[in-house]
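Please consult the sequence and the structure displayed below while reading.

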Amino acid sequence: MENNSYKRIFLVVMDSVGIGEAPDAEKFGDVGSNTLGHIAERMNGLHMPNMARLGLSNIKEIQGIDKAEKPLAHFGKMAEASNGKDTMTGHWEIMGLHIETPFKTFPNGFPKELLDELTKRTGRKIIGNIPASGTEILDLLAQEHFDTGALIVYTSADSVLQIAAHEDIVPLEELYNICKIARQLTLDEKYMVGRIIARPFIGHHGAWQRTTNRHDYALKPFARTVMNEIQDNGFDSIAIGKISDIYDGEGITKSIRTVSNMDGMDKLVETLDMDFTGLSFLNLVDFDALYGHRRDPIGYGKALEEYDARLPEILEKLNDYDLLIITADHGNDPVAPGSDHTREYVPLIVYEKGMKQAINLGVRSTFADIGATIADNFNVTLPKYGKSFLQELRKGRE
């Protein structure tokens, strides 16, 4: 690497933390969406002093978050170029892919012929087949499952087929095999399901509890990503949280599981203490899964504030050869109509200790600019999509 390159890049995706409707929001039914803005309104102002210092309100003013006179980080926002607003589309685009054919979602449940075949292959009946949150579906159907052994199948705003089963009724190995069967059945283009998710749980009536034995079976990216280039060129590519699942293990040298946002921040701190050269890639899923989909702006706001309180610890541990990139993968405005992801701009905050002036990175036309910048830094093959802003970062050091 060149002397003016970064040895370690830490990429943090705040899952679903959008910052206002995208130019094509009307196409997706999301006119007026503004995840951060509407949460701030419901909270009577967000208390995020650290993101404020980095320049969050310099991207778009947010109630309660002061606009920094001299931001500590470079700032901008990005529009999604791909045809979709789900987790996989957003993350794949960040690493240089462009998705023309969107993954399919199933707001009315999955086709009968698919579930009939799954029943035939597994020998277990199926109940549910509705969009629902993980806790809601257990309240509705866990007892029936417990009594009959029927599999609970449900979906969400993402392109996912989730199968919930009690660990005492359907042993983990059987549940995982069932999910592998479902994965094979949904490879057909007519289904185009992004992920199959095993959702094991334990407990009894009135006290059902999901376990940490979740396992995802994702589609593999349809082309090489920047992470493949990093790995193949001998650099580290560390996946924290659900990153490994999203890319189906492709381009990853080390995978670290997390159970919550705060656990994710803990794991990020541990990674900052590691000696490596390459990428550390973290997803903070609670914003989306626990608060966006459950239409809980207050819970979402508190989670944002808890995240913000951890940032000084992160910034302190960064060294002179590190780069921190904070962004999101889509929006999920909890006060917007329906229970769905929202087509929004995502924030782009880029911090390094050695910078002398903050650069306004402007409005980027694709999330892939991040992947291009990372590839440019490590001097590996640049993705087909995306424009590196590495040279702009170097201006910030002058």
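The model is predicted: local features need pLDDT of at least 70 and side-chain atom pairs count only at pLDDT 80 or more, whereas totals for chains, interfaces and linings use all residues. Residues are numbered from 1 along each chain as its sequence is written, and side-chain values use heavy atoms, with hydrogens and water left out.

Side chains of opposite charge can pair when their charged atoms come close. A salt bridge here is a side-chain nitrogen of Lys or Arg within 4 Å of a carboxyl oxygen of Asp or Glu.

| Salt bridge | Closest N and O atoms |
|---|---|
| Asp116 and Lys112 | 2.7 Å |
| Arg224 and Glu229 | 3.0 Å |
| Asp232 and Arg224 | 2.7 Å |

Asp116 and Lys112 are both located in helix α5 (residues 112-122), where 4 residues, about one turn of the helix, separate them. Helices are DSSP runs (H or I, at least four residues), numbered from the N terminus.

Exposure is given as relative accessible area: buried is under 20%, exposed is over 50%, and partly exposed lies in between (1.4 Å probe, protein chains only). Lys112 is exposed at 61%, while Asp116 is partly exposed at 40%. In the pair of Arg224 and Glu229, Glu229 is buried at 13%, and Arg224 is partly exposed at 45%. Elsewhere, salt bridges with shared partners link Asp158, Arg195, Arg214 and Asp216 into one network.

Technical notes. Helices (H or I, at least four residues) and strands (E, at least two) are DSSP runs, numbered from the N terminus.
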